[in-house]
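Okay, thanks for coming, everyone. Let me put the model up on the screen and we'll walk through it together.

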Amino acid sequence: MIDPKELKYSKSHEWVRVEGDEAYIGITDHAQESLGDLVFINLPEVDDELTVDEPFGDIESVKAVSDIIAPISGVVVEVNEDLIDEPEKINEEPYEAWIVKVANFDGVDDLLDASEYDTFVEEEEDE
Amino acid sequence: MEKKTPLYETHVKCGGKMVPFGGYLLPVQYKTGIKKEHMAVRTGCGLFDVSHMGEVMVQGDDSLKFLNHLLTNDFTDMADGQARYSPMCNELGGTVDDLIVYKKGECDYFVVVNAANREKDYQWICGHQTGKVLLSDVSDNYGQLALQGPLAEKILSKVTDQKYIPSEYYTAVFDAEIQGIPCTISRTGYTGEDGFEIYMASERAEEMWNLLMDAGSDDGLIPCGLGARDTLRMEAGMPLYGHEMNDEISPKTAGLGFAVKMDKDDFIGKKALEAAVPLKQRRVGIKVTGRGVVREECDVIRDGEKIGFTTSGTFLPYLKGSYALAIVESDKREIGAPVQVDVRGRLIDAEMVALPFYKREK
């Protein structure tokens, strides 16, 4: 089991989990809950380059479409293709259902930690 | 500032995610989510708060004549207790709104309009008043609940006498009672399933909601929001005002010709509708065969050429696929023909299909 407290977060509601030289990227529980039932995901391909703050895919719920924004820069080394058939896995287990794995990444230090992210979400909801 | 329906607090308590719609704050979904709410209505039963809908009373000696002039359908042969769907056109043949007319008795009609159009409609209706007709906007007096799904009748039977349950589709019982609450029970809905729309005094709406939820608990009744209401109506191929029709799109273009009686005496918009034959554009269903969700206002392309645009589009939970409604040029409209839909610059493969996408087995 992944402990969300150990992850890093972006203000565009992605999480990052660093494992040695590689990092996994997914969307947060708050993000999946705001989007509602997910039905389609468009993923990048292996070797695609991610640029921080730029979209690298999109995700569709019954209600709306939303870009997935790169929380860090890096090169895609693996894509979670199971999500193509079962995007609802992100609704069910947002911190297990990683979207891409990247290498040569940069920018993790600029991300929020779990408590900073929680505060950010609360402030955003109060607006 | 959005208004609250009498059930606002109840929705918040049930975990409803409240959004503005038609001037009201309403739940787009509850904790269960749109997919489960949608499936509940297709396979069991769901309860919707539709208190935002507007209600107008039309009474007086010339009511029938007035309605036949104001609306495109023909109400002449209606019996007491019947309901009839109709578009309401402007002089140019565009659609002011679509609505349901109930005949309560001779010279006594009850008209239900879309929430977002309520004020526009009432002004329009009053502005075209002719003869001895008494009009009143009674929207604020009424709450409305929709109990929809194959188990709706079973659940309703637990809380009311059989004589109050209308047996025919598109009929209503006006002097009904559900556990002591006076109400109108109508066998209508906006989901493509069997079901009922129940009108009662605003101040009894919460009580009615709670007793229906209790009665349905053994049968899996869940509250459903606007999100599921939209996916259900789309799956059933039902148009939504502001999408498939508007002030410029005629009901005939929107595929509602069955409710436009051209052989009836003059009615508002008749001349323009006569002049618009043959129709340049018509509604069609779009089934996405590629990957992705098509939303409204995407271009529909056939053989490299734009032939129309989508008016609604989403993922339909029961059919488990991506579908859209579109308005396309009549001579390019061909069921089964492949098309593409331009979604934010990406072309997605699709085909034109007949409507409705889903039809329940009777």
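So, chain A has 4 helices and 9 strands; helices here are DSSP runs of H or I with at least four residues, strands are runs of E with at least two, and both are numbered from the N terminus. Going along the sequence, the pattern reads β-β-β-α-β-β-β-β-β-α-α-β-α.

A quick word on what you're looking at: this is a predicted model, where local features need pLDDT of at least 70 and side-chain atom pairs count only at pLDDT 80 or more, while totals for chains, interfaces and linings use all residues. Residues are numbered from 1 along each chain as its sequence is written, and chains are lettered from A and ligands numbered from 1 in the order in which they are written.

As for burial, 37% of the 127 residues of chain A count as buried. Buried means 20 or more other C-beta atoms within 10 Å of the residue's own, exposed means 12 or fewer, and partly exposed is in between, with C-beta atoms placed from the backbone.

Now the sheet. Chain A has an open sheet of 6 strands, in the order 1-2-3-9-8-5, with antiparallel pairing; two strands pair if DSSP finds at least two bridges between them. At the edges sit strand 1 (8-9) and strand 5 (49-50) of chain A, each pairing on one side only. Strand 8 (residues 73-79) and strand 9 (residues 100-106) of chain A run antiparallel and are joined by 5 bridges. There, A:Val75 stands opposite A:Ala103 in strand 9.

Helix 4 of chain A, residues 114-126, should span 18 Å at 1.5 Å a residue, and its end C-alpha atoms are 19 Å apart, which agrees. The expected span is 1.5 Å times one less than the number of residues. Is this helix well covered or hardly covered? Hardly: 1 of its 13 residues is buried.

Where do the chains meet? On the chain A side, 8 residues are in contact with 12 residues of chain B, contact meaning that C-beta atoms, placed from the backbone, lie within 7 Å. The chain A side divides into 4 nonpolar, 1 polar and 3 charged residues. Ala, Val, Leu, Ile, Met, Phe, Trp, Tyr, Cys and Pro count as nonpolar, Asp, Glu, Lys and Arg as charged, and the others, Gly among them, as polar.

Over to chain B. Its assignment gives domain 1 (3-49 + 140-235) and domain 2 (278-353), with bounds from an automatic or database domain assignment. Their centres, taken over C-alpha atoms, are 32 Å apart. The contact takes 7 residues from domain 1 and 8 residues from domain 2 of chain B.

B:Ser186 is buried, with 27 other C-beta atoms within 10 Å. Leaving out residues up to four places away in sequence, B:Ser186 touches B:Ala83, B:Pro166, B:Ala172, B:Phe196 and B:Glu197.

Key:
Two residues are in contact if their C-beta atoms, placed from the backbone, lie within 7 Å.
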